[in-house]
Amino acid sequence: GRKHNIDKSTSPDTHLTLKEMITGAIVSVISITFMSTSSPLYPFNLWNDADLFLTMGRSIKNGQVPYRDLYEQKGPLLYFIHSLCALISDRTFFGVYILESIMCFIFIIFAWKIVKLFIKDVESTGAIILTLPLCAIIYSSNMFHLGDSTEELTFPLLTIVLYFALKALRTDNTLPSWKETLITGVIGGIIFWTKFNLCAFIAGFAVFFLIYSIVIHQINNLLKCILAMITGVAAVSLPITTRSEERFSRNAETDL
């Protein structure tokens with residue numbers, strides 16, 4: 001068969017064509033439709049966690065306060081996201097189905113971009129043929145269970161971080177750009193306020209580039225990256241913590 005050449009250029013072209021984007025959208029919908037019991041193909045989702053997440057989302061939509069009126073152990077951002085799903089459909093998992101399809105699409109796009117980092121002139125036909133079975137294998141793993149797990153929803157975000165890391169090492173930039181590090185910080189904040197123990201991957205990303213920047217003597221760029229990451233985390237965390245403080249203060253005044 002045809003052999004692909006590894007592109008050693010300093011800036012690999014990872015842009016996706018319109019055909020590839022459309023293919024990714026189609027494959028994401030097909031994958032979630034068959035693999036997630038949140039899809040219209042199934043009458044209901046039997047998994048406890050998925051029902052709890054959507055119940056919390058419905059409660060927020062109806063004016064109730066999480067951790068006061070009802071309690072579940074995950075982070076508040078997960079419930080706010082499911083409140084948006086409840087706005088789409090209050091009685092079914094259709095909103096969750098749309099959310100899962102979007103996250104699957106993000107995973108496909110950035111997985112494809114990772115391939116383009118290392119393989120020049122990827123054949124679109126071959127890539128299209130492999131994408132659907134790849135998604136079938138990944139989305140049928142235990143990590144995704146019956147659909148709408150926190151691991152499933154955060155996995156595409158971690159794929160973005162992995163792409164940034166590999167791109168930096170693949171090119172002469174050596175460290176992710178300020179913009180990429182800012183996005184990584186935002187993703188870190190999102191994951192922290194969803195399920196904090198999944199931040200281990202982000203922590204590994206930070207530690208690796210901390211050590212790597214010292215080895216290659218790029219302390220100035222490291223400081224910029226640290227500032228960018230802190231800014232990204234703060235951009236997600238401040239609205240959540242501020243809103244929570246307001247709610248708790250209002251509740252305390254009411255109790256008095």
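**Exercise 1. In which helix is Ile211 found? Then place the nonpolar surface patch on the helices.**

Solution. 
Step 1. The model is predicted. In this model, Ile211 is found in helix H8.
Step 2. List the patch. Val207, Leu210, Ile211, Ile214, Val215, Ile219, Leu223, Ile226 and Ile230 form a nonpolar patch on the surface. Together they have about 800 Å² of accessible area.
Step 3. Assign the elements. Helix H8 (200-215) and helix H9 (219-255) are the elements that give two or more residues to this patch.
Step 4. Find the main contributor. H8 gives the most, with 5 residues.

**Exercise 2. Work out how helix H1 and helix H4 are oriented, and name the residues in contact.**

Solution. 
Step 1. Locate the helices. H1 covers residues 18-35 and H4 covers residues 94-118.
Step 2. Take the geometry. Their axes come within 8 Å and cross at roughly 135°.
Step 3. Classify the angle. Angles over 145 degrees would count as roughly antiparallel, and 65 to 115 as roughly perpendicular. H1 and H4 are therefore oblique to each other.
Step 4. H1 passes H4 in a right-handed crossing.
Step 5. Read the contact. From H1, the residues include Glu20, Met21, Thr23 and Gly24. From H4, they include Tyr97, Cys104, Trp112 and Lys116.

**Exercise 3. Find a salt bridge between Glu20 and its partner, and say what it ties together.**

Solution. 
Step 1. Count first. A search of the whole structure finds 6 salt bridges.
Step 2. Pick the pair. Glu20 forms a salt bridge with Lys116. The closest N and O atoms are 3.0 Å apart, and the cut-off is 4 Å.
Step 3. Glu20 lies in helix H1 and Lys116 in helix H4, so the pair ties together parts that are 96 residues apart in sequence.

**Exercise 4. Follow the packing from H4 to H6, and from H6 to H8.**

Solution. 
Step 1. Start with H4 and H6 (residues 150-170). The axes come within 8 Å and cross at roughly 20°.
Step 2. Apply the cut-off. Angles under 35 degrees count as roughly parallel. H4 and H6 are therefore roughly parallel to each other. The crossing is left-handed.
Step 3. Name some residues. Among those that meet are Leu99, Met103, Phe107 and Phe110 in H4, and Leu153, Phe155, Pro156 and Tyr163 in H6.
Step 4. Move to H6 and H8. These axes come within 10 Å and cross at roughly 15°. H6 and H8 are therefore roughly parallel to each other. H6 passes H8 in a left-handed crossing.
Step 5. Close with the contact. Leu158, Val161, Leu162, Ala165, Ala168 and Leu169 of H6 make it with Phe201, Ile202, Phe205, Phe208, Phe209 and Tyr212 of H8.

Methods:
Residues are numbered from 1 along each chain as its sequence is written. This is a predicted model: local features need pLDDT of at least 70, side-chain atom pairs count only at pLDDT 80 or more; totals for chains, interfaces and linings use all residues. Side-chain values use heavy atoms; hydrogens and water are left out. Patches are made of residues with over 30% relative accessible area and no salt bridge: like charges are joined within 9 Å, nonpolar side chains (Val, Leu, Ile, Met, Phe, Trp, Tyr) within 5 Å. Accessible areas come from the Shrake-Rupley method with a 1.4 Å probe; for residues, only the protein chains shown count as cover. A salt bridge is a side-chain nitrogen of Lys or Arg within 4 Å of a carboxyl oxygen of Asp or Glu. Helices (H or I, at least four residues) and strands (E, at least two) are DSSP runs, numbered from the N terminus. Axes are lines fitted to C-alpha atoms, for helices over the stretch in contact, and angles run from 0 to 180 degrees between N-to-C directions. A crossing is left-handed if the near helix is turned anticlockwise from the far one by less than a right angle, and right-handed if clockwise. Contact means heavy atoms within 4.5 Å.
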